[in-house]
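Dear colleague,

Here is the structure I said I would pass on. My notes follow below it.

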Amino acid sequence: MSSALRLRMRTLSDEIRDHQFRYYVLDKPIISDGEFDSLLQELKRLESEHPEYKEDESPTELVGGGFATHFTQHDHIEKMMSLDNVFGVDELNLWLDRIEKSGVKNTWLCEVKVDGLAINLLYEKGKLVRALTRGNGVTGEDVTLNVRTIATVPHELAGSGHPEILEVRGEVFFPIDAFNEFNDGVEEEGKQRFANPRNAAAGSLRQKDPRVTASRPLSMVVHGIGASEGITFTQQSDAYALLASWGLPTSSRFKVAKNRAEVLDFIGYYEKHRHDVEHEIDGAVVKINEISIQEQLGFTSRAPKWAIAFKYPPEEVTTTLLDIKVSVGRTGRVTPFAFMEPVTVAGSTVTNATLHNAQEVLRKGILIGDTVVIRKAGDVIPEVLGAVVERRTGKEFAWVMPTHCPDCASELRAISEGDVDIRCPNTQTCPAQLRERLYYIGSRAALDIDVLGYEAAVALLEDGLVTDEGDLFSLTEAKLRSSAFFTKKDGELGANAAKFLTALEVAKGRPLWRKLVALSMRHVGPTAAGALAKHFGSIEKIQGASPDELAQIDGVGSVIAESIVEWFAIDWHREIVAKWQRSGVELTEVAQENKNPQTLAGMTIVVTGSLIDFTRDGVSEVIALHGGKAGSSVSKKTDYVVVGESAGSKADKAAELGVPILDEAGFKRLLAGEN
């Protein structure tokens with residue numbers, strides 16, 4: 001009787017604690033208040049009748065559940081090893097050679113290396129009892145309560161056949177889309193942005209109040225097993241399949257490779273597509289797939305001999321800040337940038353990195369002479385994240401924002417009240433602004449004009465071929481002959497001249513929205529330009545529209561509307577449009593042949609998370625080509641939310657509002673008109 005009573009009281013305590021956690025931390029109760037009160041009253045009654053069985057930390061004694069993470073330390077049952085690294089194909093080949101020389105016959109399991117926080121989950125009879133950080137590999141910090149707030153981590157394994165003990169190893173990460181959304185919210189609250197998703201994940205997981213962790217959309221991916229009792233595997237890939245069947249968050253981004261060539265193909269693919277993944281990766285991991293061979297090869301003191309991490313070029317490095325200079329952009333915005341000791345980051349040598357604006361320099365506390373951390377992700381402009389204060393020598397000094405434009409000497413000022421950006425007001429003749437606007441017109445973001453790069457823009461201005469962008473489409477062979485950039489040593493036109501003139505003719509017929517973007521109106525990007533072109537049909541009608549008429553268009557709004565009206569109010573701006581018209585530039589909306597069925601006509605589709613067959617930009621284009629609108633936020637007006645891997649809070653918002661949710665397969669059926 002006493003053992004049964006003690007078991008009932010322990011079961012009640014565990015059940016009540018779980019419900020308290022769901023109520024106070026997750027804010028997602030699964031039973032009614034009445035049902036909870038009934039359980040709590042039963043436990044109170046039993047404790048009153050049998051105080052000898054009452055637990056020291058009974059849920060009946062804790063106010064509001066009493067949930068707090070204290071970061072107590074515990075040993076892992078099986079040591080959490082690190083991985084040895086290689087930093088290039090030559091080093092990887094040497095490692096593969098050593099494996100082959102050992103005489104083993106194996107396949108390879110290749111997977112992406114998640115740039116997150118290593119975590120060890122302990123399940124006993126299918127129930128999550130503890131979550132530890134890696135720590136020193138032997139002992140980690142207890143973050144169980146915080147990990148239990150992660151939606152992808154099951155508190156109890158699905159299915160059956162669970163071992164008595166199972167340690168599951170993985171990485172906690174902040175999905176990139178969710179991180180960007182979260183960081184924007186942090187900035188709106190006037191708080192400091194997180195430098196990167198990994199820092200945000202680590203900071204979120206180490207909150208003493210698990211409710212804070214619960215408010216941040218962390219995720220996790222499983223990539224290995226530690227200690228286990230009552231279960232064996234033949235291959236690592238088999239283990240992944242079983243873990244997935246139990247509801248654990250395994251990744252689909254792995255491959256069993258038969259040979260070295262397939263291993264290199266996998267590594268090369270994800271190095272090229274590392275920014276298409278829903279979370280940050282810093283490399284790929286190659287493991288022997290067969291468990292018996294893993295056991296045969298064993299471990300060094302710190303790492304398995306049967307696995308290696310291939311590290312991609314780093315995206316965060318340190319270097320010395322030599323100076324802070326400013327550049328003037330196409331809209332007059334003056335941007336401070338760091339001039340640094342050359343350093344290799346993300347595979348390229350970097351000497352300059354953006355500092356955004358003067359306030360950002362002050363906020364980050366950066367001094368000239370500092371050792372600074374810079375980050376470069378893919379094609380993104382390198383950014384200074386902050387200073388390594390511990391390395392200061394006392395010789396560093398503060399930077400002062402210049403008061404006059406470095407290109408035209410105009411006095412710099414904020415254009416509007418509250419504007420954090422300082423601008424050069426000389427928009428018509430400032431050499432820097434003219435150069436940047438011409439360069440932008442030739443970019444893929446605008447009219448995509450072959451040859452019209454930075455050097456060509458400089459040549460056109462310095463050789464007097466154009467006074468502003470209005471003269472661009474009136475260029476001829478005769479005019480280009482006066483520029484060394486477009487001619488050969490014998491004075492004849494170079495091949496680039498013919499390509500340039502042909503590209504100008506092609507650009508005249510580009511869609512109207514591209515021309516609107518090319519005019520460099522403040523705030524007018526592709527979305528607003530597309531809405532304007534579709535609604536008004538011509539630049540003449542856009543110019544004649546009132547602020548209210550413009551603001552009513554979905555995708556425009558009052559800020560953009562005012563900017564458009566202000567732009568057209570300037571006479572030399574209107575003259576640019578007139579020059580383009582006289583040169584034969586088509587400034588009306590020309591119907592483009594679209595062979596795609598308009599299956600999304602009138603629909604607003606929001607996509608969150610990572611899709612397998614669509615890139616982030618590509619899926620928006622597909623939606624538009626099928627007649628729909630790619631939305632950026634979820635509201636009651638949203639028709640569908642498409643949810644990919646590691647979706648952010650938009651999926652939760654859709655469920656809350658009752659907006660239909662589709663997976664990638666459902667989205668494809670919708671495109672095909674099958675839904």
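Two strands count as paired if DSSP finds at least two bridges between them; helices (H or I, at least four residues) and strands (E, at least two) are DSSP runs, numbered from the N terminus. This is a predicted model, in which local features need pLDDT of at least 70 and side-chain atom pairs count only at pLDDT 80 or more, while totals for chains, interfaces and linings use all residues. Residues are numbered from 1 along each chain as its sequence is written, and side-chain values use heavy atoms, with hydrogens and water left out.

Strands S4 (residues 117-124) and S7 (residues 165-173) run antiparallel and are joined by eight bridges. In this pair, Leu121 stands opposite Val168 of S7. Helix H6 (residues 197-205) packs on the sheet and touches S4 and S7 (contact: heavy atoms within 4.5 Å); its direction makes about 45° with that of S4. Axes here are lines fitted to C-alpha atoms, for helices over the stretch in contact, with angles from 0 to 180 degrees between N-to-C directions. Helix H8 (residues 236-245) also packs on the sheet, touching S7 and S8, and its direction makes about 110° with that of S8.

The sheet is open, has four strands in the order S5-S4-S7-S8, and is paired antiparallel. S5 (127-133) and S8 (219-229) are at the edges with a single partner strand each, so one side of each has no neighbour in the sheet.

For the whole chain, there are 24 helices and 21 strands.

Regards
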